[in-house]
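The sequence and the structure come first.

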Amino acid sequence: MSVERRVRDHFHADARRFDAIYEERRGPLGRVVDQVWRGVVRRRLDLTLELLAPLAGKTILDVGCGSGRYGLAFAARGAARVVGVDFAPAMIALAGELAARAGAADRCEFRVGAFPEAVPERGFDASTAMGFFDYIADPVPLVAAMRAKTVGTMVMSFPKAREWRVPIRRLRFRLIGCPLFLYTDTRIREVLAAAGVTDFDWLALDRDVVVRARP
């Protein structure tokens with residue numbers, strides 16, 4: 001079974017549990033677990049909003065959009081149009097539900113499919129790929145495609161290969177049968193260079209490196 005199929009199947013089955021990270025309705029133990037192991041998921045969103053501000057009137061591409069939480073946050077802050085793409089159908093179905101509930105369906109379009117094939121458009125003011133490259137065997141063509149479709153800022157996260165939680169995280173993903181790809185600083189710089197990204201800022205965020213780049 002291909003890497004893409006294994007990742008897609010995992011997140012298709014895990015969509016609602018994963019999305020619950022963004023909710024406050026958890027018990028004390030659940031909050032502690034999420035803070036230690038998954039707290040970076042929420043902090044990535046907060047940092048992305050900060051890095052892309054102001055969002056009013058912008059068009060934004062969200063690669064690996066999952067349940068659409070980034071797109072909804074962009075729309076809530078005035079983005080004119082958000083296109084999110086993810087290859088897990090359950091994630092996109094959940095994103096559609098959340099957009100309708102938030103009254104943002106007119107500005108948020110969520111598509112099932114692979115990037116970049118599912119997004120033929122270009123000229124986005126900004127693009128994001130947060131918590132996405134953790135599951136991509138070859139990120140270079142996807143970063144290059146983001147660069148080609150973006151006229152403004154790109155924000156991307158890469159999980160660190162050297163961090164105290166790495167051994168347990170590797171074991172967990174091996175047990176659930178989902179591929180996981182981690183990055184040294186050198187590897188991140190190689191990916192960016194190979195994709196033609198030379199103008200970027202580098203931010204450490206918990207277990208991730210966040211890159212803000214200009215095409």
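Buried residues, meaning those under 20% relative accessible area with a 1.4 Å probe and protein chains only (exposed is over 50%, partly exposed in between), make up 51% of the 215 residues in the protein chain. This is a predicted model, in which local features need pLDDT of at least 70 and side-chain atom pairs count only at pLDDT 80 or more, while totals for chains, interfaces and linings use all residues. Residues are numbered from 1 along each chain as its sequence is written, and side-chain values use heavy atoms, with hydrogens and water left out.

**Overall fold**

The protein chain has eight helices and seven strands; helices (H or I, at least four residues) and strands (E, at least two) are DSSP runs numbered from the N terminus. Its radius of gyration is 16 Å, close to the 17 Å from the globule rule for 215 residues, so the chain is as compact as a globular protein of that length. The radius is taken over C-alpha atoms, and the rule is 2.2 Å times the number of residues to the power 0.38. Along the principal axes, the C-alpha atoms fill a box of roughly 40 × 40 × 35 Å.

Contact means heavy atoms within 4.5 Å. Among contacts between residues at least 6 apart in sequence, 67% join residues at least 24 apart. The chain exposes about 9800 Å², of which carbon and sulfur atoms supply 55%; these areas come from the Shrake-Rupley method with a 1.4 Å probe.

**Nonpolar cores**

A nonpolar core is a set of buried Ala, Val, Leu, Ile, Met, Phe, Trp, Tyr and Cys residues joined through side-chain atoms within 4.5 Å. The largest has 45 residues, and those with the most contacts inside it are F11, F74, C108, F110, Y135 and V210. Two or more residues of this core come from each of α1 (3-13), α3 (28-52), α4 (69-76), α5 (89-102), β3 (108-112) and α7 (166-176). The most, seven residues, come from α3. Apart from this core lies another of 29 residues, among them V119, F132, V140 and A145.

Leaving out residues up to four places away in sequence, F11 touches F18, A88, M91 and Y135.

Helix α4 is largely enclosed by the rest of the structure, because seven of its eight residues are buried. These are R69, Y70, G71, L72, A73, F74 and A75. Just after α4, G78 takes a positive phi of about 100°.

**Buried strand positions**

| Residue | Relative accessibility |
|---|---|
| V82 | 1% |
| D86 | 10% |
| P159 | 1% |

The contacts below leave out residues up to four places away in sequence. V82, in strand β2, is in contact with I60, G71, F74, A75, R107, C108 and E109. V82 and R107 are 25 residues apart in sequence, and their C-alpha atoms are 6.1 Å apart.

D86 is also found in β2, which covers residues 81-86. D86 touches G64, C65, G66, M91, I92, R111, V112 and G113.

P159 lies in strand β5, residues 150-159. The residues that P159 touches are D134, R169, F181, L182, Y183, R207 and D208. The C-alpha atoms of P159 and L205, 46 residues apart along the chain, are separated by 9.5 Å.
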